[in-house]
Amino acid sequence: MKNIAVTGIGIVASPGVSKEEFWQNIKAGKSFISPITRFDASRYLSQVAGQIENLNTNHLPRRLLKKMDRFSVMALTATEEALKDAFLDLTQEDPYKIGIFTGNALGGWLYAETELRDLYVEGREGVSPYLASAWFPAAPQGQISIYYGIKGYSKTVVADKASALMAIGYAAQVIGHKKIDVALAGGTEAPVTPYALLCCSTEGSISRGPYRPFDKERNGFVIGEGAGILVLEDVEHALKRGTNIYGFIKGYGSFCDGVDRIMPDPNGKGLAKAIKAALDTAGYEPEEIDYICADGVGTKWGDISETRAIKEVFGSYAKKIPVSAPKSMFGHLLGASGAVDLIITFLAMQDGVIPPTINYQTQDPECDLDYVPNKCRLKEVKKALVISRGRGGINAVLAVERR
């Protein structure tokens with residue numbers, strides 16, 4: 001796979017709405033899960049979430065805000081941060097050589113929920129004229145393209161919790177094929193709403209908290225909201241601009257399990273093939289990997305199958321690799337999770353600090369890798385993997401490398 005440079009990072013999540021604030025809080029290993037306050041969640045199984053309390057939208061016109069769901073607002077905010085971080089002035093670029101690749105799992109559900117309620121209570125006259133363009137999964141891609149005048153090859157990926165990582169992998173391949181020079185790639189999700197929480201609850205994988213991946217006492221994941229956008233560039237384009245390069249996307253793999261409509265293959269065969277494909281396309285040997293940012297969904301078979309897949313690929317070396325799930329601090333961002341995990345991995349490479357899996361107390365004999373429990377760890381990371389998995393056996397893996 002051709003080297004794809006990562007030159008900008010934009011993050012909006014409960015630990016912080018800037019790269020610096022977010023990363024400082026992640027390194028501190030604190031929990032950003034709190035009781036849901038936006039609506040009455042007392043009758044739900046889970047009543048906690050990773051919520052953003054200080055989302056600043058002053059940079060966006062009020063008329064535009066009325067037309068968007070929160071997941072588009074967060075995507076635009078993260079995009080602005082990523083462009084600033086990359087020192088990329090899009091007015092100086094060919095708009096047909098810039099693309100947008102975003103992922104999400106649920107669409108803009110608060111907008112949809114509210115307007116559907118109005119439809120049944122007030123009739124069709126009570127529904128916002130912006131509903132059709134506000135809730136659908138490709139809305140963030142569309143709003144970003146309009147706001148910045150982007151006209152190049154673009155795509156929205158809806159693949160449950162693997163959406164963002166698959167969108168980034170797809171963007172890297174499109175740049176590699178020279179269809180565009182630059183991609184804004186990542187994911188966004190705003191599931192702290194009554195109906196979205198209900199959907200997650202009926203799936204049977206949600207936790208009352210705490211969120212403790214790979215722990216024997218785990219009981220599922222806690223939802224979180226946020227967005228992560230990265231600026232991806234053709235290497236020659238980035239070098240010509242003389243901008244900072246965090247690292248490179250080197251390999252990508254994706255396979256399905258084909259076993260169950262919700263749960264993964266218990267043996268992790270599909271994920272193992274995706275890991276091997278990512279290593280092969282990157283040209284890496286397994287022993288070169290310094291860190292794995294895990295999916296860490298926090299369900300019994302999710303954690304066990306992920307562990308089994310890693311052990312199948314890496315053999316005895318598997319126990320020497322730090323494998324952590326930093327989303328234990330801020331919740332599972334569903335379709336946006338892969339983008340945030342990738343951002344964390346590049347920041348870990350930059351600082352030589354591996355983020356922890358928090359709330360880890362009791363070892364599961366079937367999950368016996370090094371999960372970096374509860375405290376971050378100093379370690380040089382040159383090459384790493386990021387894993388994302390979706391319901392129904394969707395597996396996606398990126399291989400990345402520090403500059």
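User: Why is Asp351 called partly exposed?
Analyst: Asp351 has a relative accessible area of 33%. Buried means under 20% relative accessible area, exposed over 50%, and partly exposed in between (1.4 Å probe, protein chains only), so Asp351 counts as partly exposed. This is a predicted model, where local features need pLDDT of at least 70 and side-chain atom pairs count only at pLDDT 80 or more, while totals for chains, interfaces and linings use all residues. Residues are numbered from 1 along each chain as its sequence is written, and side-chain values use heavy atoms, with hydrogens and water left out.

User: What makes Asp351 and Lys27 a salt bridge?
Analyst: Their closest N and O atoms are 3.4 Å apart. A salt bridge is a side-chain nitrogen of Lys or Arg within 4 Å of a carboxyl oxygen of Asp or Glu, so the pair of Asp351 and Lys27 qualifies.

User: Why is this pair said to tie together parts that are 324 residues apart in sequence?
Analyst: Because Asp351 lies in helix α12 (residues 337-351) and Lys27 in helix α1 (residues 19-28). Helices (H or I, at least four residues) and strands (E, at least two) are DSSP runs, numbered from the N terminus. Lys27, at 23% relative accessibility, is partly exposed.

User: Which salt bridge does Lys311 form, and which parts of the chain does the pair link?
Analyst: Lys311 meets Asp368 at 3.0 Å, N to O. Lys311 is in helix α11 (residues 300-314) and Asp368 in the loop between β11 (353-354) and β12 (377-378), 57 residues apart.

User: Is Asp368 buried or exposed?
Analyst: Asp368 has a relative accessible area of 19% and is therefore buried. Lys311, at 32%, counts as partly exposed.

User: How many salt bridges does a search of the whole structure find?
Analyst: The search finds 25 salt bridges. Among them is the pair of Asp370 and Arg377, at 2.6 Å, N to O.

User: How many disulfides does the structure hold?
Analyst: The structure holds 0 disulfides. Cys293 is in none, and the nearest cysteine sulfur, that of Cys376, is 14 Å away.

User: Why is the sulfur of Cys376 too far for a bond?
Analyst: A disulfide is a pair of cysteine sulfur atoms within 2.5 Å. The closest cysteine sulfur to that of Cys376, in Cys293, is 14 Å away, so the two are too far apart for a bond.

User: What is the relative accessibility of Cys293?
Analyst: At 0%, Cys293 counts as buried. Cys376, with a relative accessible area of 33%, is partly exposed.
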